[in-house]
Amino acid sequence: VEGTSQSGLEEALVTRPAGGFATRIDRTTEKGVQVAKRAVGLLLDAPATWDNSFANVWVNQKVAQSFLARTSFLLTHLELYVFDQPEIQGPDILQVSIAADGGNGPGAILANTARQGQQNWTWVPFSYYPWVSLTAGQRYWIVAEDTEPRPKGYEWAMNTVSGYANGEARLYEANTGTWANGTGADLFFKVRTGLSWLTDLL
């Protein structure tokens, strides 16, 4: 699928799917206690539709998406719907961090990881260890950054019309050192926990 680049701020923003916390776990009863079994629990899922917009991630242009933790849990990995641009000759490593809320954008970095993506639109998984402890009711940010110059780097899928009520996309403006509002856009992401035993996540 070929994305449609936007000018200015929209060029760097992406959208995250509507829905909120989706339960993808099998519940059983054991000794009178309701439990949920799943090797990998999906807590936040991407939007059902995509308008082919995307945000560009390259040197000096970080992109972030916030989300609300509606339950306390350990984040083990997440997935981003991204496209590694083919112009680069060598490996292009996308760095993805989990950050606390800084009020007007990402704050302190809680964890980070990095990996090579693919030169097509696909969900790319990013694992975290130690696992990241998130607290119910708190807002967190997923921050993507790259060292490749424009027009290389990555494209991160988004919807220009918000599909996720509990978060928003933001673009880091290197010249001012501030995070610009995403004008209602959301980036596509999935948040997962790898715990095999969970109790009433939602």
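This is a predicted model: local features need pLDDT of at least 70, side-chain atom pairs count only at pLDDT 80 or more; totals for chains, interfaces and linings use all residues.
Entry 1: I began with β11, which covers residues 154-159. Is this strand buried or exposed? Six of its six residues are buried, so the strand is largely enclosed by the rest of the structure.

**Entry 2: the two faces.** Next I looked up where the side chains go. In a regular strand they alternate between the two faces of the sheet. Here Tyr 154, Trp 156 and Met 158 point one way from β11, while Glu 155, Ala 157 and Asn 159 point the other way. I noted that Glu 155 and Asn 159 are buried along with the others.

**Entry 3: strand partners.** Which strands pair with β11? I found β4 (residues 53-57), antiparallel to β11 and joined to it by five bridges. Within that pairing, Phe 54 stands opposite Ala 157. Strand β6 (residues 73-84) also runs antiparallel to β11, with three bridges, and Asp 84 has Tyr 154 as its bridge partner. Then there is β14 (residues 186-187), again antiparallel, with two bridges to β11. There, Asn 159 is partnered by Asp 186.

**Entry 4: nonpolar cores.** Last, I checked the cores. The largest nonpolar core has 33 residues, and Trp 156 is among those with the most contacts inside it, together with Phe 67, Leu 75, Leu 80, Tyr 128 and Ile 142. A second, separate core has six residues, including Ala 157, Tyr 81, Trp 121 and Phe 188.

Methods: Residues are numbered from 1 along each chain as its sequence is written. Side-chain values use heavy atoms; hydrogens and water are left out. Buried means under 20% relative accessible area, exposed over 50%, partly exposed in between (1.4 Å probe, protein chains only). Helices (H or I, at least four residues) and strands (E, at least two) are DSSP runs, numbered from the N terminus. Two strands pair if DSSP finds at least two bridges between them. A nonpolar core is a set of buried Ala, Val, Leu, Ile, Met, Phe, Trp, Tyr and Cys residues joined through side-chain atoms within 4.5 Å.
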